[in-house]
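Welcome, and please take a moment with the model below.

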Amino acid sequence: MALILDLVSGDIALFHVFTWLDIGSVHQDLKELLKDESENIRYSFPQLLIAFIKEQTSSIVKLHNIHPYELHTVASPKRENLLPTVNNLSLSSPSPNFKNNGSCQETRKIRKITPQRLDLSSDSAFPSLQQSAQTREIPKKRRINPTQLIESPVTTRVPLQFGSCSRPSPPALGHNAFNQAQEQSCHKSLDQERALLKEKKHQITIPTISDLGSTAPKNWMCVEPDISFVTKLSQLDRLSALCSFCLSRNLVPSLFSEIQFLIQLLVLRVSPAKLKQTHLVQSLLDSVHNCVYFSAKTLEHLEGIWCHVDQSVLQQLMHNPRLLLFCPEWTNDKLPKLISSITNVDRIPPHKTVANVAFQTETDNRFNFASDSSFQVFRKQRDQFCEAWQIWKVNSSIPGWNMSIALQKMIQSLVDLRRDCVNYAHLARLFRSQLLNVAQLVKPINELEEPDGPLGQLQSSDPDKLRRLRDRLTNPPESRPARCVGTENDIKMHFEGDQEFFRDFILLAASPAFNEHLKNSLVSGIEDLSSSEDCDDRAQFAETVIALQVMAKFLGFLHFYPHASADHLPEHIFHHLSRLRISQREPIDLVSYIKDAFYKGRLVLVIPWVVTYLTLADPVSLCLPGFHSVLCHLIFVYRKAELAPANAFLIRILLGWLFSQSNFPLPLLAKPDDDLLIEFGNLSLATTDDQLPRLDQSRLVDSSLIHQCCPFLWSWKHLLAEFACSDAKNSGEKASVSRKITPVSAEENPSPVKAPAVKSLQKSLEENFFHNQPSSVKRTVEFVAERLASNVVRDVRHQIIPRLVLHAQATLKTWPSTAKDPVESLCLQLCADVRNEAASAATSAIASIESTLTALLPNDLLPPVRRVCVSIASKLTQGKVLDWIQLHVTKSLFKNDLEVELAKLDKSCARRVPGSPTASDKPQVVHDPTTQAPSFLIDRLKTLIRQVIRDASKVSEQDLIDLLSNCEGTLHRRVDVTPIVSKCLQQLTFDLLFIVCVFQPESIGSQTIIAWVAFWCKTYPSVDGVETEEPVQPPGALISTCVWQVLTPKQLLLLAQSTSPRESWNHVTTLLLQLMKSGLVRYKDVQEQAIAVVRQEWPQELLGRFATCVRDIVDWHRNQKSEPNLSTSESCDDDGLLSWLSWFCAQDDL
Amino acid sequence: MARVLNQTTYNSLLDSLCKLPFRNRVQSLQKLFPELSVDTLKCIVAQECQKRMKGSHGRLTTSETVEAMYKKFTNSILMNEEPGILLRLSDEVGLTPALLARSIIERHYQRDDKSKPAKLLVSTLMKNTALIDDRDLAFETYLCLLEDDEYGPIAEATKQSRGYEYEIYLRMELENCKVSFLHEDHLRMKGYDKTPDIKLEIPVAVDGQVINWIESKALFGDEEVHRGYLKDQLYSYWNRFGPGLVIYWFGYVEDLEKIHQNRIILIRDALPRNMVLMDQHL
């Protein structure tokens, strides 16, 4: 401390100090001061400096009070507890609960533009919780209440309005007419406001204590800094120079918290009353004036930082009255220039709008599951998961809604619906995809869900106020919805917005198996994205960075949650726990990621997620030996990594944030570079692998990405805005959304060291070939091969295999039943067939490689080089296809299909239904939309039959002819006839013809029956060869399921109702004969039908006609038999029929 | 003829429906609501009937009631009543003719231990009544099937056919509009776990909304029907493919889309004519 005091008050050229800090060389003048400890002190100097400043300011900072009017307000004790105290102004461990006050001016904008909306903040609508003090400038209607809305009695704040937008998040307004109008209006009042500002300034330089009863509470209750009261100017200048040097050279451990502290000094407010009561230790920074001066000067010098910060922060700086006073040049000239130089042109485009996880055949279809049941169960799991997510989305903002009550059962049952690794893995994948989807959807903080209406307006201007209003309306303080899990204490396990669902899902599921799979999924996701090549455009890059952060956050959560504790761990327990975990393995090898990133120039991609992951670490973890190396690497990166300015700012601010975490082992930060270098290993050994694009020097990072990755940065703005706001108000509750850092992630296991394999000469030739070509050549070749092979495999899967399987299934029918194991031998043959066809598919795919590669490879490639590429790509393609075949085309692939088919055959249900759209051998039908729709035809037939039976409607011969042609049209020229419909039409047409034969025999022409039978023959051919066995039925129940039933009891009952039985019977006999002639009905069938008939009692007349009919059949059959060329298959039935007939005739005689 | 009903019209239609006798309700409704399409009315009547049966089928087919109905039936046969015994019984008890016939057949073919016969047997007999050994039951059943538009193999085939016809029709319309898509069979072959009728390989926009899939429903979309489909199908499609479109060819009740909240699934009664295709010019 003395050293720094000496330095500051001495006259050693600061230049020498800078050199010493930079490279370690000690100038003569400095030697005395440093004595012999130059090296020891060098690395801890910045920390000493910070500690010095903190000490110097401590006494005055203790008096800080952000509410200058506090004395005048009747604040409840409870509320007072919420007020920030000096303890919140920590130097090295910023609390994440920064106040969010950044939106004062927008509120005002609303009022100006749409006065009718004013009542939102009016006393009547939202009466203030506290007595408010009226001020001179405030219109009567205005209230000053504890919310942050401000309105601006006090002129100091007014310039904030000017021409600027300072919303708390990146998307800026300023492009619509609305805002322009507003800016103009601000413009006009500017002069007036300036005048007021002067007046005000005058007023406040003489602090007065107004008494409590005063009705004119306009007086400031805090000391306003004045440049003329600043003492020890030169010492302050030197201190400031030292400080800004350390800050801009990344010598201090946490850039973030030091700037935070400087801003706190800038807005320091001390009540003169307190100042009088307190005895201040004499020091360099013992007055508000000095503090503000020091802070302003230092901030001014940090130019390299401000260009990466969001515009709204700069706006706040620019309009800060104290800076206006102390650094007029900076605020009036440089800052405006800087702001205008930051363009919004290449902002990250709007986030994705698709909210669901797309189903991808590659990863999600049946082939990705081991069994049908696994596949079916996952289908349910997917839907239930989506359902749970939707339920959460709809309900989570409803107060009193409790996720664990509403969803726990559902979540638990869905996660463990099938305890199977495949299902867990798929679920983990789905979880991760949905999480990433949502993370990309995360809206900038002040965009909310109500676009229209007064609330929507407020939403876009002051979301925080809206939130508080809502809270107040719906949610008395006692009944704030309890979080499903997690206590106030484990702030670090805090997840924002939609991510809460995913955290709570994990906790509610409480499934170790799922957690394990999720970890794996996250680790592999991080690995994939970390080596991602598509980082060329900003949007893509930002997406990747954020996705990585989210995955790392959840990995960190899964890994560290079991070790979290809300309590401060006593030392002995701490040691005990660390002993237990001494050899614990991390799920991801951070060191190798960091090293890799360092050498490959990809730190800007990797550091954000590594920091997020580590932020979730518990105190014990960070002290484990495994982490020691990780942290050293990070410190080294912090000090030494060279990146493009914005990239560097991003990773330094993140690392600084990590270093400032309370559980970070501070001693590490004072380690000399050399020690860290040992940890890092020998730099020269680094293998340069230029496969991946180097990112660290590219311009990929902009301020919006920085703020997205480091939400804690908003606290700078909040501090400034809060100052601006509270200037204008007497007091207010400042509880606001705290920005949290999103803890991220995990690392992957290091890729296993490649065993030195013996490579063939060809292989090494190829390796060298690619090595000496641009890396894109290799990538292109591999990519083309990969895609082609994948296409061939797809072809094999979806075309070749189904076709061959279908063919084999058909073969199965004709397979000699004597064969031992038809399935086995067919499978073998199928394998061979598939392999052959796949090989030829691959060959034809390879034919296209040359043209593809020519189009994709660099134009200036020599033709021979291109030829080599083509041949390598061909080889690769073929190899990949072969690999796939080896792995997948096995007997078991077909076994299932064939066995099922065999089982079907065994059940003898193989009678094909013609007209079935799936029948593969069906000729391609061209759809004829002029034919009648099947449903229409069914309806028509049904109505016709009903009318003939019940109403005796006439059906003419012509009607039947028309119907026949309609049926033919429908069944033969349409593509929308299903098997069931076809079958139904078969039944209905037969019924109709039979019924017309019975009830209106006069309508049956000579050719009618023949024509219909011919139609049926053509449309419903019976399958020869495969005789269907009747299913086992109760005795006497069923004979045959065939449609063509002529002589069954029902049909005879119909015949009995005929008014001209002779004609009817003639037609029916003809019908039966025709059916037999065409092979639709077998002799055996008639036999069985007839037997069934005679089991029942019938009128004698009917039996007589029946006997005649049967005799005709027998006669016909006999004739057939005598024909020499008749097939012999039915001859054996002869005896049965004859004996039956004689028996029957005997009955007839009775 | 209108196919899209607002809630008020739909409610008054249901009201009138309840008051009408079972037979010929479509014709009566036509007179009351001349502005509505006949197909829509048929569909609503059929769905109302199905809803009613869903509610009362179990109660009306307990073994006791079936036994009583069977007794009644056999008695009527013995008494030589006019054909149409089951139809009259159906009106009396409130079961649709085909459902009644099915119960009677089940009773007729009951096993020795009085348990129900195999389902396959019963459905085979229903499909081909000529196979029923009892001639009167066979004929009576046949009459029932001819009379029933909601149940029984003929009605089922009609319904199934209608669904498929519209699916095919939709495919053809899409082809005419040069929209490229995969249909159910393709998707099943590719191993999708959920298969909408149409999955658009290149999305199109309808009324400013992008859709990725289309489901065809040849019926009338009321809230109950729609909720059922949302649960079993539409949300599943949304979960996998994003926003989509469902077509209720016979109309629907307005404002059903509100049910979806933030999940966008459009509802129409025909394929929209104003589809915007993706710009494919270079």
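This is a predicted model: local features need pLDDT of at least 70, side-chain atom pairs count only at pLDDT 80 or more; totals for chains, interfaces and linings use all residues.

Residues are numbered from 1 along each chain as its sequence is written, chains are lettered from A and ligands numbered from 1 in the order in which they are written, and side-chain values use heavy atoms, with hydrogens and water left out.

**Chain B and its interface**

Chain B has 11 helices and seven strands; these are DSSP runs numbered from the N terminus, with helices being H or I of at least four residues and strands E of at least two. Of its 282 residues, 56% count as buried, where buried means under 20% relative accessible area, exposed over 50% and partly exposed in between (1.4 Å probe, protein chains only).

How many residues of chain B are in contact with chain A? There are 50, and they touch 61 residues of chain A, contact meaning heavy atoms within 4.5 Å. The two chains bury about 4,900 Å² between them, 59% of it on carbon and sulfur atoms; this buried area is the accessible area (1.4 Å probe) that two parts lose on being put together, summed over both.

The rule finds five salt bridges across this interface, a salt bridge being a side-chain nitrogen of Lys or Arg within 4 Å of a carboxyl oxygen of Asp or Glu. On the side of chain B that touches chain A, α7 (119-127), α8 (135-147), α9 (153-176) and α11 (223-241) of chain B each supply at least two residues. The largest share, 10 residues, comes from α9(B).

**Salt bridges**

Over all chains, the search finds 42 salt bridges.

| Pair | Closest N and O atoms |
|---|---|
| K942(A) and D149(B) | 2.8 Å |
| E782(A) and K778(A) | 3.9 Å |
| R88(B) and E81(B) | 3.6 Å |
| E106(B) and R102(B) | 3.7 Å |

E782(A) and K778(A) are four residues apart in helix α35 (residues 775-814) of chain A, so about one helical turn separates them. E782(A) is partly exposed at 36% relative accessible area, and K778(A) is partly exposed at 27%. In helix α6 (residues 97-108) of chain B, E106(B) and R102(B) are likewise four residues apart, about one helical turn. E106(B) is buried at 15%, whereas R102(B) is partly exposed at 24%. In chain A, D364(A), R382(A) and R429(A) are linked in a network of salt bridges.

**Single residues worth a look**

Most residues other than glycine have a negative phi. K178(B), however, has a positive phi near 65 degrees. K178(B) sits in the loop between α9 and β2 (181-183) of chain B and is exposed, with a relative accessible area of 69%. D255(B) also has a positive phi, of about 70 degrees, and is found in the loop between β6 (252-253) and β7 (265-268) of chain B.

Q381(A), in helix α17 (residues 372-395) of chain A, is buried at 0% relative accessibility. Beyond its neighbours within four places in sequence, its contacts include L414(A), R418(A) and N423(A).

Finally, the cysteines: the whole structure holds zero disulfides, a disulfide being a pair of cysteine sulfur atoms within 2.5 Å. For C243(A), the nearest cysteine sulfur is that of C246(A), 6.9 Å away.
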